[in-house]
Amino acid sequence: KLGICAENAADALIGLKTFVPSLGLPRGMLHGMDCDGVPIPVKELGSVYVKYNTGFGKTWSPGDAELEKYNGSYRGTYFNTELKDGKM
């Protein structure tokens, strides 16, 4: 699991573009930077949270990420691994 809380979308995107290839993770679609297909300028988004998806869902593929506005006070990166062997 990978999540990024950032002061602005530009910083969040830098984090996403740095972590994904560095960790050898798949790259997918980025959702949430438009409204009905019309791009939202990065500067208008303000503080954001990016949730990176490693699994499958109804409309999600591994590597997809969702960017959404975030009004909380936390900033930083959340990274949690789940090992298939059950060991920590």
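In which helix is Phe19 found? Phe19 belongs to helix H1, residues 9-22, where helices (H or I, at least four residues) and strands (E, at least two) are DSSP runs numbered from the N terminus. The model is a predicted one, in which local features need pLDDT of at least 70 and side-chain atom pairs count only at pLDDT 80 or more, while totals for chains, interfaces and linings use all residues. Residues are numbered from 1 along each chain as its sequence is written, and side-chain values use heavy atoms, with hydrogens and water left out.

With a relative accessibility of 30%, Phe19 counts as partly exposed; buried means under 20% relative accessible area, exposed over 50%, and partly exposed in between (1.4 Å probe, protein chains only). Together with Leu23 and Phe79, Phe19 makes a nonpolar surface patch of about 260 Å².

Helix H1 also meets the largest pocket, giving five residues, the largest share of the lining. The volume of this pocket is about 300 Å³. Its lining has 14 residues, and the closest to the centre are Leu16, Lys17, Arg27, Gly28 and Leu30. Here a pocket is an open set of points on a 1 Å grid over the protein atoms alone, with protein on both sides within 12 Å along at least five of seven lines, and lining residues have an atom within 4 Å of a point. A volume is the space filled by probe spheres set on the points.

Turning to the sheet, five strands form an open arrangement with mixed pairing, in the order E2-E6-E5-E1-E7. Strand E2 (30-31) and strand E7 (76-79) each have a single partner strand at the edges, so one side of each is left without a neighbour in the sheet. Two strands pair if DSSP finds at least two bridges between them. E2 and E6 run parallel and are joined by two bridges, with His31 having Glu66 as its bridge partner in E6.

Strand E5 (residues 48-52) runs antiparallel to strand E1 (residues 2-6), with five bridges, and antiparallel to strand E6 (residues 65-69), again with five bridges. Lys51 of E5 stands opposite Gly3 and has Glu66 as its bridge partner in E6. On E5, Val48, Val50 and Tyr52 form the covered face, whereas Tyr49 and Lys51 form the uncovered one.

Finally, a loop residue deserves a look. Asp36 lies between strand E3 (34-35) and strand E4 (38-39), and its phi is near 55 degrees, a positive value in a residue other than glycine. Asp36 is exposed, with a relative accessible area of 78%.

Note on methods. Patches are made of residues with over 30% relative accessible area and no salt bridge: like charges are joined within 9 Å, nonpolar side chains (Val, Leu, Ile, Met, Phe, Trp, Tyr) within 5 Å. Accessible areas come from the Shrake-Rupley method with a 1.4 Å probe; for residues, only the protein chains shown count as cover. A salt bridge is a side-chain nitrogen of Lys or Arg within 4 Å of a carboxyl oxygen of Asp or Glu. On a 1 Å grid over the protein atoms alone, a cavity is a set of points where a 1.4 Å probe fits but cannot get out, and a pocket is an open set with protein on both sides within 12 Å along at least five of seven lines; lining residues have an atom within 4 Å of a point.
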